Amino acid sequence: ATGAWVISDRFADSTTAYQGHGHGLDRSILDRLYEVSVGNFHPDLTIILDLPIEQGLARAATRRGNETRYESLPAEFHERVRAGFLEIARREPGRCVVIDGTQGIDAVTAAIVRAAAAHRVPLVPRGAGTGLSGGSNGRADGLTVSFTRMNRILEIDEANLVAVVQPGVINAALRAAAADRGLFYAPDPASYEMCRRFRSIE
């Protein structure tokens, strides 16, 4: 009602996929609960990162703590959950976008940005949060995205004096990499040690 965007890593689709498809609960009951609790609200955009369950469980194992109840369930359960999410996407293609989660982080990020653009969801890149170099401000009608993990220097073309970097590269890192090649890169001296390169092309 306020016009603000809300990002959620799970919503009613997860209930349908896990409880309905995975555990076999009557989906008509879940639909009724949704109607009572949420009404006619539906997300503007739902992104489903799809990958084989073996890879998904392997990724989950690298970040989980002591909670392993779902990860410990049999493979058949996770296959049903995956099938549930894909069925939801087929049923509601207007808001659901399925992205191949086996791709690298660059490709997945690009696919998410394209999906947001197609659904007219504004994206604002978040810098380092210092405010020293006049970073972008978030919007009430948009999503603020962190590019912290996209921090690789892809190429430094010495002949043409061009650097190709990911948006999360810290200016100091780019300056040091340029110096290693006998080049001088002169970012804002007040902020280069902690600010990122997302706002411009060098």
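Mentor: Let us start with accessibility: a residue is buried under 20% relative accessible area, exposed over 50%, and partly exposed in between, with a 1.4 Å probe and protein chains only. The model is predicted, so local features need pLDDT of at least 70 and side-chain atom pairs pLDDT 80 or more, whereas totals for chains, interfaces and linings use all residues. Residues are numbered from 1 along each chain as its sequence is written, and side-chain values use heavy atoms, without hydrogens or water.

Trainee: What share of the residues in the chain is buried?

Mentor: The chain has 202 residues. Of these, the buried residues make up 29%.

Trainee: What pattern does the chain follow along the sequence?

Mentor: Helices (H or I, at least four residues) and strands (E, at least two) are DSSP runs, numbered from the N terminus. The chain comes to 6 helices and 6 strands. In sequence order, the pattern reads α-α-β-α-α-β-α-β-β-β-β-α.

Trainee: Among contacts between residues at least 6 apart in sequence, what share joins residues at least 24 apart?

Mentor: A contact means heavy atoms within 4.5 Å. Taking the contacts in the chain between residues at least 6 apart in sequence, the share that joins residues at least 24 apart is 55%.

Trainee: How far apart are the end C-alpha atoms of helix α5?

Mentor: Helix α5 covers residues 105–118, which is 14 residues. The expected span is 1.5 Å times one less than the number of residues, so α5 should span 20 Å. The model agrees with this, for the end C-alpha atoms of α5 are apart by 20 Å.

Trainee: How wide an arc do the buried residues of α5 cover around the axis?

Mentor: The buried residues of α5 are Val108, Thr109, Ala111, Ala115 and Ala116. They lie on the same side of α5, because the arc that they cover around the axis, taken from the directions to the C-beta atoms, is only 160°.

Trainee: Which residues are exposed on the other side of α5?

Mentor: The cover over the buried residues of α5 includes β1 (46–50), β2 (96–100) and β3 (123–126). On the other side of the helix, the exposed residues are Arg114, Ala117 and Ala118.

Trainee: What is the relative accessible area of Arg120?

Mentor: Arg120 follows α5 and is placed in the loop between α5 and β3. Although Arg120 is not a glycine, its phi is positive, at about 60°. Arg120 is exposed, as its relative accessible area is 74%.

Trainee: Is Leu161 buried or exposed?

Mentor: Leu161 belongs to the loop between β5 (153–157) and β6 (162–165). Its phi is positive, near 55°, in a residue other than glycine. With a relative accessible area of 61%, Leu161 is exposed.

Trainee: Which residues does Asp50 touch, not counting residues up to four places away in sequence?

Mentor: Asp50 is placed in strand β1. Its relative accessible area is 16%, and therefore Asp50 is buried. Leaving out residues up to four places away in sequence, Asp50 touches Arg82, Leu86, Val98, Ile99, Asp100, Gly101 and Thr102.

Trainee: Which strand, then, holds Asp50 and is also included in the cover of α5?

Mentor: The elements that cover the buried residues of α5 include β1, β2 and β3. Asp50 has its place in β1.
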